[in-house]
Amino acid sequence: MSDRSREISVSCAILASVAFSLNDASVKWLSGDYPLHQLILMRSIVALLLTLSIVVPLEGGWSRLRTRRPMMHVLRGCCVVLANLAFFSGIAVIPLAEATAVFFVAPLLVTGFSALFLKERVGVRRWSALAVGFIGVLVIVQPGAVEFRWAMLLPIVAAVGYATLHTITRNMGLTERASTMALYIQLTFIAVCSVMGLVFGSGQFAGTGNPAIDFLLREWAWPPTEDLAVIVGLGVCSAAGGYLISQAYRLGEAGLVAPFEYGTLVLAVVWGYVIWNELPGTWSALGILLVLGSGIYVAIRETSFGALPGAKRISGRR
């Protein structure tokens, strides 16, 4: 790999992390005024239009979107929809940095799932790193605490959904293009969120008093111009982030790229403090460091064992 390719790969990974972190912070910002399925639907429409008008032509045109495995794409789409709904419902209640740190156990789960279901070889060192990462999650979640927050389980559900998504991706191999995967994910988002809008959009099930549940069930509302601009920005960040991270893994080794993805976690701490005056406590900070360190270690070790480039993220993280 040339130095130029490395530089482009790292730059794409950094820009993707910025896009993903802005996406997360923007959803949290809007979580008190709109239903989640409306935000995701509008975001996905924008992302789909960008994918069709920019990403698809860059990857060879409409003919390259053909696939022999449409149901596998639908299954991947359902996994990422579950991950989105769970994660964003969680950040409506809990600090952004803590939710993001718990979610970032997903790459560790991918390694574990790949060993269990795809029979990939995982050595003692990576299993040990997985254990350290899960200890970090337990430190953040604190399941035995007197004031245990049940919403902390939502990022865990999101991580499981996301890890399942990429375990399926590994099973599919490199036969599908990133643009095809991105297209099916956005179409699944639009289909699921449209159905949710028809069922819950009138707001008849809202008013539970639980911010996470109300974020899912709130009545639809047409956003004013300033909020509409933020929602369009969500779509831009979603499409750009998915494409950039795919390019990063296409041009660079996984061990080089993956550590820069964890910039999303660092930026979550920054946005949480700047926008909501949230700072992780001592235990949460320790848990974040454990998840961060174990995740980077596993990513680097996976390069040595020939893990698929791009298995960490292929178009459509969140």
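Leaving aside neighbours within four places in sequence, Leu36 is in contact (heavy atoms within 4.5 Å) with Val27, Asn84, Leu85, Phe88, Ser89, Phe215 and Leu216. The model is predicted, so that local features need pLDDT of at least 70 and side-chain atom pairs count only at pLDDT 80 or more, whereas totals for chains, interfaces and linings use all residues. Residues are numbered from 1 along each chain as its sequence is written, and side-chain values use heavy atoms, with hydrogens and water left out.

Leu36 also belongs to the largest nonpolar core, which has 64 residues; Val27, Leu36, Ile40, Phe87, Phe88 and Ile91 touch the most other members. A nonpolar core is a set of buried Ala, Val, Leu, Ile, Met, Phe, Trp, Tyr and Cys residues joined through side-chain atoms within 4.5 Å, where buried means under 20% relative accessible area (1.4 Å probe, protein chains only). Helix α3 (residues 70-91) gives the most to this core, nine residues; helices are DSSP runs (H or I, at least four residues), numbered from the N terminus. A second, separate core of eleven residues includes Cys12, Ile245, Val257 and Ala258.

Helices α4 (residues 96-103) and α6 (residues 124-141) pack at an angle of about 150°, their axes 9 Å apart. Axes are lines fitted to C-alpha atoms over the stretch in contact, and angles run from 0 to 180 degrees between N-to-C directions. Helix α4 is therefore roughly antiparallel to α6, a term for angles over 145 degrees. Glu98, Ala101 and Val102 of α4 and Val137, Ile140 and Val141 of α6 make the contact.

How values were computed:
Buried means under 20% relative accessible area, exposed over 50%, partly exposed in between (1.4 Å probe, protein chains only). Helices (H or I, at least four residues) and strands (E, at least two) are DSSP runs, numbered from the N terminus. Angles under 35 degrees count as roughly parallel, over 145 as roughly antiparallel, 65 to 115 as roughly perpendicular and the rest as oblique.
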